[in-house]
Each structure stands twice: as C-alpha cells, then as structure tokens.
Amino acid sequence: MIEIQGITKAFGTKEVLRGVDLTVPKGESMVIIGGSGTGKSVTLKCILGLIPPDDGVVLVDGQDVTHMKQGSEERDAFLARFGMLFQGAALFDSLPVWQNVSFRLLRGSLKKSKDEAREIAKEKLRRVGLTPDVADLYPAELSGGMQKRVGLARAIAADPEIIFFDEPTTGLDPIMAGVINDLIREIVVEMGATAMTITHDMSSVRAIADDVAMIHNGKVRWSGPVGDLDGSHDPYLHQFVTGSAEGPIEALR
Amino acid sequence: MSFFAAIGRSFLILLSAIGRVTLFAVETVSHIARPPYYPRELATALLQIGYFSLPVVGLTTIFTGGALALQIYAGGARFSAEAVVPQIVAIGIVRELGPVLVGLMIAARVTSSIAAEIATMKVTEQIDALVTLSTNPMKYLTLPRVLAATLVVPVLVGIGDVIGIMGGYMVGVNRLGFNAATYLTNTIDFLEALDIISSLVKGAVFGFIAALMGCYFGMRSGRGAQGVGAATKGAVVAASVLILAANFLLTELFFAA
Ligand SMILES: Nc1ncnc2c1ncn2[C@@H]1O[C@H](COP(=O)(O)OP(=O)(O)OP(=O)(O)O)[C@@H](O)[C@H]1O
Ligand SMILES: [Mg+2]
C-alpha cells in the first residue's frame with residue numbers, strides 16, 4: 001500500500017505540488033489524470049525519491065520512504081520492489097535493446113546468466129508487441145512508440161510488486177494502445193502488482209483503472225472508483241472527462 | 001559598497017563550489033571501497049580514455065618536442081650554448097610540457113565527452129532510470145571514468161614524454177646537425193628518476209581532475225540542450241584551469257628548492 005500525505009514541492013518560486021494526499025491499496029490500479037504541467041510526473045518522482053519533496057511523507061507498507069539515505073541498504077531494498085516507465089522512456093542509448101530490458105537481471109542482487117537474461121528480455125518484448133529482432137538494435141534506431149514499449153518492457157522485466165507508468169500509451173497507435181492497456185490490466189490482476197499510471201487518454205483510464213485521482217492546482221481535486229467518474233458532479237472533473245474547452249479549468253488561447 | 005558586496009558574493013559562490021566539488025570527489029573515491037563494482041564500465045572507460053587518446057597525444061607531443069628543439073637551439077646560439085638542446089628538451093618535455101599538454105588534450109577530448117554524455121543522460125532521465133533500477137550512478141558512471149582516467153593518463157603522459165623527446169631528436173639530428181648517438185646519451189644521462197616520477201604523478205592528478213570535472217558538471221546539468229551545452233563548457237574550462245593550477249602546485253612540491 002502506498003500512502004502519500006501532504007506532499008509539497010516548489011521549483012524556485014513555482015509551487016507545483018501544494019499538499020497532495022493519495023492512498024493506493026495493495027494490488028490496485030490507480031490512474032492519475034490532470035492537465036499538462038500540473039505535477040503528475042513530479043508526484044511519481046517524489047514517491048520514488050528521485051525528487052525530494054519539500055514537505056510531507058510517503059509511506060510504502062507503513063514504512064516512511066521519504067527520509068531514506070541515498071544508497072542505503074533500505075533504500076536499495078525499497079527500489080528493488082519498483083518498476084518505472086518514464087514519460088520519455090529514458091532508455092540507455094549506450095546499450096542494445098535487450099540489455100536495456102534486462103538491465104536489472106544482468107547485475108546486482110537479481111543477476112542471472114546472460115542467456116537467461118536475454119530470453120527474459122525477448123519474452124517481455126513480445127508482451128509489449130515487439131518482435132525478437134528488435135532485441136539487438138540500439139534505442140536510437142527505434143521509433144518513439146517502440147522506445148516507449150521497450151521502456152515498458154524494462155519496467156516489468158524483474159516482475160516488480162509496484163509499477164509506475166508515466167503515459168504508457170502516448171505516441172502509440174490505437175491498436176497498440178489497446179494491447180498495452182490489456183497488459184497493464186493483466187499485470188495488476190494476474191501478478192497482483194500495485195500500479196500507478198499517468199495518462200491523458202480517457203479510454204485508457206477506463207481500461208486500466210480501479211481508482212482514479214485527478215490532480216489540479218497542486219492538489220488532488222477528486223478521487224474515487226473509476227465507476228464514479230461519469231456520475232460525479234465535480235465541474236473540474238466533468239470538464240476533464242468530457243474534454244471540453246468550456247468550464248472552470250482555464251484553457252488559455 | 002556594492003563593489004565590495006559583489007566581490008564578497010563571488011568569493012562565497014567560489015567557496016561553495018569548491019566545497020561541492022570536494023564533497024563530490026570524496027564521495028567518488030569512497031565508492032572504491034564499497035561494492036558492487038562494474039568492471040565492464042571500467043574496461044570501456046580505459047579503452048575510451050586511454051587507447052583512443054593515443055593519436056592526439058602523439059601528435060601534440062611530437063610537434064611540441066620539435067618546436068622546442070628549434071627554439072632552444074636558436075636561443076642557446078645567442079650565448080654559444082647550442083649543445084644543451086637534448087638536455088633542455090628532455091627536461092622541458094618530461095617535467096612540464098608532456099604532462100600539461102596531455103592533461104589539456106584529455107580535458108578537451110575526455111572531459112567534454114564525459115560531461116556531454118552524462119549531462120544528456122541526466123536531461124533524458126536516464127540517470128533517474130538508473131536509480132530506479134537499483135544502480136547507483138556514482139558507482140556505475142562516475143567511479144569507472146575517474147578511476148580509468150587516473151590509471152591511464154600517467155601511461156599516456158609516459159608515452160607522450162617519449163614521443164616528445166623523439167620529436168626533439170628528429171629535429172636535432174636531421175635539421176640541427178646533432179650526432180644521433182650523442183643526442184640520445186645526453187638525454188638519458190641527464191634525466192633523473194624524480195623527473196619521470198613527477199611527470200607520471202602529474203599525469204595521474206590531471207587524469208583525476210579531467211574525469212571528475214566531466215562527471216561533476218554532467219551530473220549537475222541543467223535542463224534541455226542548453227543545459228548540456230553549459231555543462232560541457234563548464235567542465236572543460238574548469239578542468240583546464242584546475243589542471244594548470246595543479247601543475248603549478250605539483251612543480252612547486254617536486255622541484256622548489
Ligand atoms: N526538475 C525540474 N526543475 C524545475 N521545474 C520542474 C522540474 N520538473 C518539473 N518541473 C515543473 O513542474 C511542473 C510539473 O511538471 P510535471 O512533469 O510533473 O507535469 P505533468 O503533470 O507530468 O505534465 P505532462 O502531462 O505534460 O507530462 C511543470 O511546470 C514543470 O515545469
Ligand atoms: Mg508528465
């Protein structure tokens with residue numbers, strides 16, 4: 001279970017997060033929606049400790065993870081349970097695709113033999129809809145959507161308990177987006193993983209989510225089960241879900 | 001008043017920068033004693049920094065050795081001391097020009113590429129990705145590069161010294177009419193162990209500085225292409241200035257009476 005309590009974060013004078021509270025129960029899929037630049041990616045990075053929050057705490061299974069020392073054993077153990085897909089894929093461009101995917105399996109505590117790691121990489125690539133001949137290419141040789149899927153394969157390669165997906169379907173064609181939605185759903189249901197997904201795609205939200213949280217103006221504006229999405233009378237949420245230019249959220253033109 | 005305030009502020013900024021660089025250096029070195037290690041990364045860095053720098057080291061030192069021989073011959077002729085060419089070329093190359101030129105070439109070639117690579121990794125979230133994959137960037141990126149440079153730049157300096165002396169020898173024998181055998185015996189007899197040791201120690205220190213600055217500026221890069229550019233420029237400037245300053249201090253340490 002992930003509990004976020006009162007996280008704040010400012011970059012210089014710009015307050016991005018102003019007290020985010022959120023709870024994700026174990027084995028559930030939480031989807032975060034919200035306007036561009038509202039701090040969704042920053043929220044995920046605060047949980048992982050990639051960006052230190054100014055204030056507030058993050059509890060994972062009751063353990064405070066915000067004040068762990070960089071490089072300490074408990075932080076290593078904490079990170080070993082995670083997988084993360086970055087918004088920009090963040091593949092290592094010095095390594096071929098398969099070594100990107102099985103990065104974790106080639107070194108450290110989860111080390112496997114090279115052949116085994118390669119087989120797992122190919123299997124994970126297959127699950128994200130990529131053929132095995134992609135394995136020996138370098139990330140720069142792939143299209144944006146393919147890079148995204150390699151990033152996804154890397155995030156799930158070590159079968160993590162908790163997975164963060166930052167816009168997994170952005171830049172994919174609708175069929176591939178469907179495949180990825182199904183995959184995320186499968187990982188949550190079959191492997192019992194806890195997932196947090198950021199997306200702008202409302203059909204993805206409906207396909208992936210158990211719960212939805214909407215971030216607006218540095219706070220969680222609305223959260224609840226995905227079924228309540230349409231019945232809600234929150235004007236901000238309503239405008240977002242219907243994708244309307246008219247409403248309380250200003251769309252500057 | 002504001003003039004002194006400005007000086008004071010710059011001084012404070014400089015002090016805090018020195019503090020941060022020192023902390024970064026201490027952290028880097030501390031990882032030598034703490035596994036996991038990444039031998040593949042070290043091997044790649046040795047190859048990149050050492051082997052692939054050989055051409056540029058050879059070219060810089062051979063021309064400099066040749067020019068030095070010409071200058072000493074011309075200068076020495078003013079007081080009939082043309083005969084000292086082999087000795088002065090040897091001292092000049094081994095004690096100063098070899099290590100400094102190799103150091104500056106490494107700053108141009110290696111510091112810039114390390115800084116640009118790490119800064120790009122930072123900007124494209126690859127450093128964050130490393131962390132989430134339970135890999136410490138200081139161990140995986142910084143230590144192999146700094147260690148490799150510290151180990152391999154002295155070797156490059158040694159090779160550069162030999163090639164520099166060769167450059168002087170070629171000019172001396174072919175253009176200035178020195179006897180080949182005499183030129184070599186004069187060189188070898190004149191050089192002392194301390195000259196060579198100082199040359200190699202300088203190489204190690206310059207290698208450390210060059211790689212450390214590349215990593216430090218890369219890791220602290222700002223966002224976007226502009227951030228990468230600024231990090232690379234800062235790294236090369238800082239490495240060059242620090243190498244020249246360290247050279248002065250080491251010369252003082254080894255040779256001041
Ligand atoms: N490292 C940083 N330094 C300075 N500002 C930052 C940094 N990271 C994020 N920001 C700022 O924080 C705000 C939120 O960024 P974030 O990436 O979380 O947005 P987002 O909600 O993920 O948007 P999108 O849907 O477009 O990805 C942005 O205005 C951005 O400029
Ligand atoms: Mg984002």
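In this structure, the side chain of A:Gln87 has an N or O atom 2.7 Å from an oxygen atom of ligand 1. That counts as a polar contact, meaning a pair of N or O atoms within 3.5 Å; within protein, one must be able to donate a hydrogen and the other to accept it, and residues adjacent in sequence count only if both atoms are side-chain atoms. The protein covers 73% of the 640 Å² of accessible area that ligand 1 has on its own (accessible areas come from the Shrake-Rupley method with a 1.4 Å probe; for residues, only the protein chains shown count as cover).

Before going on, a word on ground rules: this is a predicted model, where local features need pLDDT of at least 70, side-chain atom pairs count only at pLDDT 80 or more, and totals for chains, interfaces and linings use all residues. Residues are numbered from 1 along each chain as its sequence is written, chains are lettered from A and ligands numbered from 1 in the order written, and side-chain values use heavy atoms, with hydrogens and water left out.

| Residue | Part of the residue | Distance to an oxygen atom of ligand 1 |
|---|---|---|
| A:Gln87 | N or O atom in the side chain | 2.7 Å |
| A:Ser41 | N or O atom in the side chain | 2.7 Å |
| A:Gly39 | backbone N or O atom | 3.0 Å |

In total, 15 residues surround ligand 1, and the closest include A:Lys14, A:Ser36 and A:Lys40 (a heavy atom within 4 Å is what puts a residue near the ligand). Those surrounding residues come from chains A and B, so the site is shared between chains.

Now for the chains themselves. Chain A brings 21 residues to the contact and chain B brings 14, with contact meaning heavy atoms within 4.5 Å. About 1600 Å² is buried between chain A and chain B, and carbon and sulfur atoms give 59% of it; buried area is the accessible area (1.4 Å probe) that two parts lose on being put together, summed over both. There are 5 residue pairs in polar contact across this interface, both residues at pLDDT 80 or more. The salt bridge count is 1, using a side-chain nitrogen of Lys or Arg within 4 Å of a carboxyl oxygen of Asp or Glu. B:Glu125 and A:Lys45 form a salt bridge, with their closest N and O atoms 2.5 Å apart.
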